[in-house]
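Work through the exercises below on aromatic rings. Try each task before reading its solution.

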Amino acid sequence: MKIISLQYPVQDTEPVKTALPKTLAIGYFDGVHKGHQNVIRRSVEAARKAGLQSAVMTFYPHPKEVLGQGEQYVNGLTPLEEKVNRFRSLGVDVTYIVQFNLDFSAVTPAQFVEHVLRPLQVRKAVVGFDFSFGARGAGKADTLAEMGGPDISVEIVDPLLIDGKKVSSTLIRQALAEGKPEQAEQLLGEPYHVQGTVVHGEGRGSKIGFPTANLETKAAYVIPRQGVYAIMAEWDGKRIPGVLNIGVKPTFHDNLTKPVMEAHLLDFAGDIYGQSITIHFISFLRTEKKFNSIDELVAQIHADAEQAKSVLSAFK
């Protein structure tokens with residue numbers, strides 16, 4: 001898959017000069033959840049049938065972040081690199097990453113069609129039913145269909161419902177904030193995960209018989225609710241069950257404000273400091289709490305490990 005960065009205006013740029021006729025799925029696609037996958041697959045299928053190139057257009061950074069409409073959008077379900085990898089897995093030929101800035105936010109719907117889509121030789125655009133584009137979101141899916149004619153057709157994909165609810169990035173964020181990774185997995189099509197590097201922590205885990213891998217995330221991920229989770233870790237091609245705590249370690253600290261991630265990998269021994277690891281959130285076990293003694297903490301960790309083993313037995 002080819003990855004092309006664009007900045008408005010795109011006229012007279014190399015991507016335009018070398019553009020081939022294509023179908024184009026358009027959206028921010030945070031999470032690349034099941035609803036997004038429907039949109040992208042429709043575009044890929046249409047391209048294959050028509051002998052066209054299949055492409056995706058996404059935007060970076062999040063438009064709402066640039067426009068100051070919510071600090072929460074600084075953190076994403078799928079950082080850009082992972083998002084692009086998911087596009088690749090869906091069979092996309094080209095990914096366009098459009099730099100979203102204040103100048104681009106002022107582009108009108110008509111300018112977007114005439115100065116972006118047509119120069120890129122888009123023959124068919126595929127968008128979700130709630131798609132909006134142009135300054136202040138003035139353009140909608142129907143607007144795109146009207147402006148695109150006669151040479152750009154538009155397919156509007158209906159919402160995907162699960163248990164009567166529309167699959168959305170907002171719903172996934174809500175599930176993670178409530179400590180419901182199973183619900184997030186149902187919407188994403190796979191367990192929610194974060195990637196990071198194992199760094200040195202305070203060393204207390206090893207002293208009490210439960211060494212932990214402290215995770216420093218590689219990007220600004222949406223972090224699930226604080227508490228203890230059953231997880232599956234991926235490292236060096238291996239899948240390793242484990243228990244992970246997101247929190248401020250109240251048994252040892254009274255004033256720690258920034259939550260940390262500490263994973264204890266079950267039945268695993270090895271030095272993985274400095275190594276890249278992926279954490280898949282499977283199930284929420286309990287909230288974080290302050291224990292009265294180290295012995296009480298150790299007993300609870302034993303119980304957490306046994307519960308995690310039971311939960312994770314189906315994932316081995």
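This is a predicted model.

**Exercise 1.** Decide whether Phe268 is buried, partly exposed or exposed.

Solution. The relative accessibility of Phe268 is 24%. Buried requires under 20%, and exposed requires over 50%. Phe268 therefore counts as partly exposed.

**Exercise 2.** State how many aromatic pairs there are, then classify the pair of Phe29 and Phe87.

Solution. The count comes to 11 aromatic pairs. For Phe29 and Phe87, the ring centres lie 5.8 Å apart. A pair needs centres within 6.5 Å. The planes of these two rings meet at 80°, so the pair is edge-to-face. Next, locate the partners: Phe29 is in the loop between β2 (22-26) and α2 (34-50), while Phe87 belongs to helix α4 (residues 80-89).

**Exercise 3.** Classify the pair of Trp235 and Phe268 and locate its partners.

Solution. The ring centres of Trp235 and Phe268 are 5.7 Å apart, with planes at 80°. Planes over 60 degrees apart count as edge-to-face, so this pair is edge-to-face. Trp235 is in strand β13 (residues 227-235), and Phe268 is in the loop between β15 (260-265) and β16 (276-286). The two residues are 33 apart and link distant parts of the chain. Trp235, at 15% relative accessibility, counts as buried.

**Exercise 4.** Which charged residue sits over the ring of Tyr28?

Solution. The charged end of Lys83 does, 3.5 Å from the ring centre.

Terms used: Residues are numbered from 1 along each chain as its sequence is written. This is a predicted model: local features need pLDDT of at least 70, side-chain atom pairs count only at pLDDT 80 or more; totals for chains, interfaces and linings use all residues. Side-chain values use heavy atoms; hydrogens and water are left out. Rings of Phe, Tyr and Trp (its six-membered ring) pair if their centres lie within 6.5 Å; planes under 30 degrees apart count as stacked, over 60 as edge-to-face and the rest as tilted. Helices (H or I, at least four residues) and strands (E, at least two) are DSSP runs, numbered from the N terminus. Buried means under 20% relative accessible area, exposed over 50%, partly exposed in between (1.4 Å probe, protein chains only). A charge sits over a ring if NZ of Lys or CZ of Arg is within 6 Å of the ring centre and within 35 degrees of the ring normal.
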